Amino acid sequence: MDMLEKQIGAIVGQDNLITDPEELAPYATGSICFTPDRSPMMAARPGTVEEIKGILQIASLNKIPVTPFSSETNGFGASIPTAPGITVDCRRLNRIHMVDEIARNAVIEPGVTFAQLQQAASEKALRVLMPVDLPASSSVLSTSLENAPCYAWPKYGTEALLTLEILLSKGDLIKTGTAALPVFNEKPVFPVFTPPGFLNKVWFGAQGTFGIATKAAVKLKTTYENNEVTFLPFNAFAESFAAIKEIRRIDAGVEF
């Protein structure tokens with residue numbers, strides 16, 4: 001245990017290594033879940049992807065379980081260790097790499113909260129797909145990975161994730177979707193007919209089941225003002241078909 005603490009501390013710094021039982025208490029419980037409490041042996045707070053990679057390599061070599069932690073407000077108990085090990089607190093990785101107002105996407109790290117992303121998105125007349133039952137202090141990335149219900153447009157699917165950057169159990173870095181292509185590096189934009197969530201589904205269910213997601217492209221919505229309310233009266237349902245077809249023709253049925 002002493003050797004493990006020295007190795008992890010050398011990676012993240014002793015100030016970012018937690019071993020005191022009282023300080024580990026927040027990592028042992030979920031805010032609104034029925035998963036039994038269980039404390040990790042230690043918690044590390046890395047500030048870079050390279051530091052997470054170093055932790056995973058040490059944990060893999062010593063066969064120690066690792067549990068990611070991105071938010072204190074999780075609804076499924078995913079950040080509670082199933083066995084005592086190392087909790088990787090990803091909240092220091094909280095950068096928003098870009099907000100694309102044309103493609104209506106954002107590239108974020110796991111520590112980015114809904115409140116933080118909403119503030120950045122509102123500057124470009126966009127808004128976040130907010131979760132139904134979680135507070136604004138929740139992690140956008142981990143909430144999306146857990147498939148928590150968010151207010152979204154059914155036309156564009158219920159999934160908020162587009163691409164992922166993931167560290168596997170031994171520290172290998174992989175990327176999904178167009179994030180893996182050099183021409184789309186750092187860009188969340190998808191070419192036509194490319195299924196956005198194809199490989200992502202392997203990691204759906206929890207942040208950390210098969211790896212730790214360190215970056216993701218997520219969907220955003222536009223913020224339109226309600227300028228007026230228009231009523232279209234009809235005497236019979238069949239009379240509405242022409243108007244419905246016109247709305248569908250201009251592909252604006254979801255926009256208002």
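Predicted model: local features only at pLDDT ≥ 70, side-chain atom pairs only at ≥ 80, totals over all residues.
At 75% relative accessibility, Lys 63 counts as exposed, because the cut-off for exposed is over 50%. Lys 63 sits in the loop between α3 and β3. Its phi is positive, about 55°, although Lys 63 is not a glycine. Most residues other than glycine have a negative phi.

Now the chain as a whole. The protein chain has 6 helices and 10 strands. It has 256 residues, and 43% of them count as buried. The chain exposes about 13,900 Å², with carbon and sulfur atoms supplying 57% of that area. If we take contacts between residues at least 6 apart in sequence, 65% of them join residues at least 24 apart.

Back to the helix that Lys 63 follows, α3. How far apart are the end C-alpha atoms of α3? Helix α3 has 13 residues, 49-61, and at 1.5 Å a residue they should span 18 Å. The end C-alpha atoms are 18 Å apart, so the expectation and the model agree. The buried residues of α3 are Glu 51, Ile 52, Gly 54, Ile 55, Leu 56, Ile 58 and Ala 59. What covers them includes one helix, α1 (2-12), and the strands β2 (42-44), β3 (66-69), β4 (86-89), β8 (161-168) and β10 (211-222).

Next, the cores. In soluble globular proteins, nonpolar side chains tend to be buried together. Here the largest nonpolar core has 22 residues. Which residues have the most contacts inside that core? They are Leu 117, Leu 145, Leu 161, Leu 164 and Leu 220. The elements that give two or more residues to this core are β6 (105-108), α4 (114-122), β7 (126-128), α5 (140-145), β8 and β10. There is also a second, separate core of 18 residues, and it includes Ile 55, Leu 56, Cys 90 and Ile 212. Two of those names, Ile 55 and Leu 56, were among the buried residues of α3.

Let me take α4 next. Its buried residues are Phe 114, Leu 117, Ala 120 and Ala 121. Seen down the axis of α4, they fall within an arc of 130°, so they line one face of the helix. The cover over these residues includes β5 (96-100), β6, β7, α5 and β10. Leaving aside neighbours within four places in sequence, Leu 117 is in contact with Ile 96, Ala 106, Ile 108, Val 112, Val 128, Val 140, Val 218 and Leu 220.

In the loop between α4 and β7 we find Ala 125. Ala 125 is not a glycine, yet its phi is positive, about 60°. With a relative accessible area of 42%, Ala 125 is partly exposed.

Is Arg 38 buried or partly exposed? At 32% relative accessibility, Arg 38 counts as partly exposed. Not counting residues up to four places away in sequence, Arg 38 touches Tyr 27, Ala 28, and a run made of Ile 80, Pro 81, Thr 82, Ala 83 and Pro 84. Tyr 27 is 11 residues from Arg 38 in sequence, and their C-alpha atoms are 8.1 Å apart. As for Pro 81, its backbone oxygen is reached by the side chain of Arg 38 at 2.9 Å. That is where I'll stop.

Technical notes. Residues numbered from 1 in each chain as written. Heavy atoms only, no water. Helix = DSSP H or I, 4+ residues; strand = E, 2+ residues; numbered from the N terminus. Expected span 1.5 Å × (residues − 1). Buried < 20%, exposed > 50% of the residue type's maximum accessible area, 1.4 Å probe, protein only. Contact = heavy atoms within 4.5 Å. Core = buried A, V, L, I, M, F, W, Y, C linked by side-chain atoms within 4.5 Å. Arc of directions from axis to C-beta. Areas by Shrake-Rupley, 256 points an atom, 1.4 Å probe, with all protein chains shown as cover. Polar contact = N/O pair within 3.5 Å; in protein donor to acceptor, adjacent residues only side chain to side chain.
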